[in-house]
Amino acid sequence: SKLVVGATHEDDMGYDLQRSELVEQDLFASGAKLDQRLKIDQISQIKVGTRAYTHDFAPFFGPLPDNPHILVASGLGSSGLTTGPMVGKLLADYVRTGNQTDWDHYQRPIETYLEAAD
């Protein structure tokens with residue numbers, strides 16, 4: 001009984017978390033394409049936030065090189081809603097089996113994005 005519409009992809013907004021009427025109208029228009037009966041006053045919630053992404057927009061995930069018992073995942077950016085479940089499955093399979101099957105098809109080496117703290 002609910003329709004969820006989102007999200008935008010903006011690479012140059014910094015950490016501006018202000019709502020944008022223009023963006024809201026654009027997202028509403030996308031929802032209205034699915035159901036022409038939608039009315040703007042039916043919107044019950046709007047969320048604004050940031051999504052972590054890397055300099056080359058590639059995700060990274062897996063065990064830390066120096067501590068394989070710690071798993072990390074980040075850099076999904078606006079693709080997180082669609083790719084996040086797959087990354088979660090790959091990490092769960094790793095916990096279950098210890099294998100990193102086909103991870104190279106989905107990411108660059110995790111060391112590309114992580115630096116040792118001083």
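**Notes on the pockets and the core**

1. Let me start with the second largest pocket, which holds about 180 Å³ of space. Keep in mind while reading that this is a predicted model.

2. Who lines that second largest pocket? One stretch of the lining is Leu64, Pro65, Asp66 and Asn67, and the rest is Glu111, Leu114, Glu115 and Ala116. By class, the lining of the second largest pocket splits into four nonpolar residues, three charged and one polar.

3. Now for the largest pocket, where the space comes to about 1700 Å³. Its lining takes in 46 residues, and Val5, Gly6, Ala7, Leu27 and Lys47 sit closest to the centre.

4. Which helix gives the largest share of the lining of the largest pocket? That would be helix 1 (residues 21-34), with five residues.

5. On to the packing. The largest nonpolar core has six residues: Phe61, Val87, Leu90, Leu91, Tyr94 and Trp103. Helix 2 (residues 80-97) gives the most to this core, putting in four residues. As background, nonpolar side chains tend to be buried together in soluble globular proteins.

6. Val87 is worth a look in the viewer. Leaving aside residues up to four places away in sequence, Val87 touches Phe61, Ala73 and Leu76.

Definitions and conventions:
Residues numbered from 1 in each chain as written. Predicted model: local features only at pLDDT ≥ 70, side-chain atom pairs only at ≥ 80, totals over all residues. Heavy atoms only, no water. Core = buried A, V, L, I, M, F, W, Y, C linked by side-chain atoms within 4.5 Å. Buried < 20%, exposed > 50% of the residue type's maximum accessible area, 1.4 Å probe, protein only. Helix = DSSP H or I, 4+ residues; strand = E, 2+ residues; numbered from the N terminus. Contact = heavy atoms within 4.5 Å. 1 Å grid on protein atoms, 1.4 Å probe; cavity = no way out; pocket = protein on both sides within 12 Å on 5 of 7 lines; lining within 4 Å. Points joined across faces, edges and corners; volume = space filled by probe spheres on them. Nonpolar A, V, L, I, M, F, W, Y, C, P; charged D, E, K, R; others polar.
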